[in-house]
Amino acid sequence: MKACLAGHADAYATLVERYGGRVFNIALRITGEAHAANDCAQEAFIRAYRALHQYDPALPFGPWLYRIATNASLNYVQRWRAHETTVEELPDPPEEAEEGPEATAVRREELAEVVAAMAELPAAYRAALTLRHMQQLSYQEVADALGIPLGTVKTHLHRARAALKARLAARTKGRSA
Amino acid sequence: MSGYSPDDLEPAERPVHRLLSTIPPQPLPLGFRDAVMRRVMERAAPTWEWIVAGVLALPSLAFLAFQLVWHGDEFSVALNNVVSAAAADSAEAFFFIDGTTVLALALLGVASLLATHASVAAPARRRGPAAR
């Protein structure tokens, strides 16, 4: 980090490698498109690099970067209305080796349903859920990343969870009907 | 489940947390780091282009402004001569232009080209693959 702040561009490659996966997955869950997520994640790193002089080294780098990535992704969604997405192919979960093929198939289907239900939510809810439950951030970190007050984050998350449950229930009902 | 959870996770959040944290992360696209670093390096180019354009343009503009202030009457006479010659069938339009002014105009032209390149190239890179 010190090398980056000293202006060594090569040191930034290490940060890209370390945080790339998380930034890409945040962008992916918000935009719902792999190509858009790739673009937003790259844009987030470029913006972060240009704004490194504004970064306070006393604070953790991750939440600061996630905020940039979240903004880039939400801007993308706002500009291109990319919230209507198809469910992408999920990679194999790590426990797969211990499960039988049938259980694995059921599990993949369930996860695909969750991803699809999440993709139907408003972008702000998707962002809050992603940061909180998929990136494991605290309430305060989510608030910092989204640039909204702590109370609003809690309200957003409460409503997002309720909406997600409702969508999942509707999808399950629709499939069984 | 990933095994990690936020320290301030509330009991009411646990079911959804358990559900969402089982969604496996997608792998990073191949060549992601190199693409980012390439764009980081490319960003430096327009900055230099703007600096060089400024260095070329500002003295030229200052000189041309000076010329216009001190020899503006000659400029308007020369312009009138050219317009009159263009309106009539005559090919005799007299005007005088010194070498320094030509050099200043040439440098201004080069600066404009650099500035145009910097302003066109940077947004094209910024748009990235999704916009193409």
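**View 1. Chain A, an arrangement of eight helices and zero strands.** From the N terminus on, the elements of chain A follow the order α-α-α-α-α-α-α-α, where helices (H or I, at least four residues) and strands (E, at least two) are DSSP runs, numbered from the N terminus. This is a predicted model, in which local features need pLDDT of at least 70 and side-chain atom pairs count only at pLDDT 80 or more, whereas totals for chains, interfaces and linings use all residues. Residues are numbered from 1 along each chain as its sequence is written, and chains are lettered from A, with ligands numbered from 1, in the order in which they are written. Of the 177 residues of chain A, 39% count as buried, that is, with 20 or more other C-beta atoms, placed from the backbone, within 10 Å of their own. Among the contacts of chain A (C-beta atoms, placed from the backbone, within 7 Å) between residues at least 6 apart in sequence, 68% join residues at least 24 apart.

**View 2. Asn25(A) in helix α2 (residues 9–31) of chain A.** Asn25(A) counts as buried because it has 22 C-beta neighbours inside 10 Å. Leaving aside neighbours within four places in sequence, Asn25(A) is in contact with Met134(A) and, in chain B, with Pro25(B) and Gln26(B). Met134(A) lies 109 residues from Asn25(A) along the chain, and their C-alpha atoms are separated by 8.8 Å.

**View 3. Helix α7 (residues 139–146) of chain A, a mostly covered element.** Six of the eight residues of this helix are buried, namely Glu141(A), Val142(A), Ala143(A), Asp144(A), Ala145(A) and Leu146(A). Just after α7(A), Gly147(A) takes a positive phi of about 70 degrees.

**View 4. The contact between chain A and chain B, with 36 residues from chain A and 31 residues from chain B.** On the side of chain B that touches chain A, α1 (14–20), α2 (32–87) and α3 (99–131) each supply at least two residues, and the largest share, nine residues, comes from α2(B). The predictor gives the complex an ipTM of 0.72 and a pTM of 0.64.

**View 5. Confidence along chain B, with a mean pLDDT of 79.** The pLDDT is the predictor's confidence in each residue, from 0 to 100, and 79% of the residues of chain B reach 70 or more. Confidence in chain B is highest in α1(B), at a mean of 86, and lowest in α3(B), at 76. Over residues 126–132 of chain B the pLDDT is below 50, and this stretch has ten contacts in the model beyond near neighbours in sequence.

Key. Buried ≥ 20, exposed ≤ 12 C-beta atoms within 10 Å, placed from the backbone. Contact = placed C-beta atoms within 7 Å.
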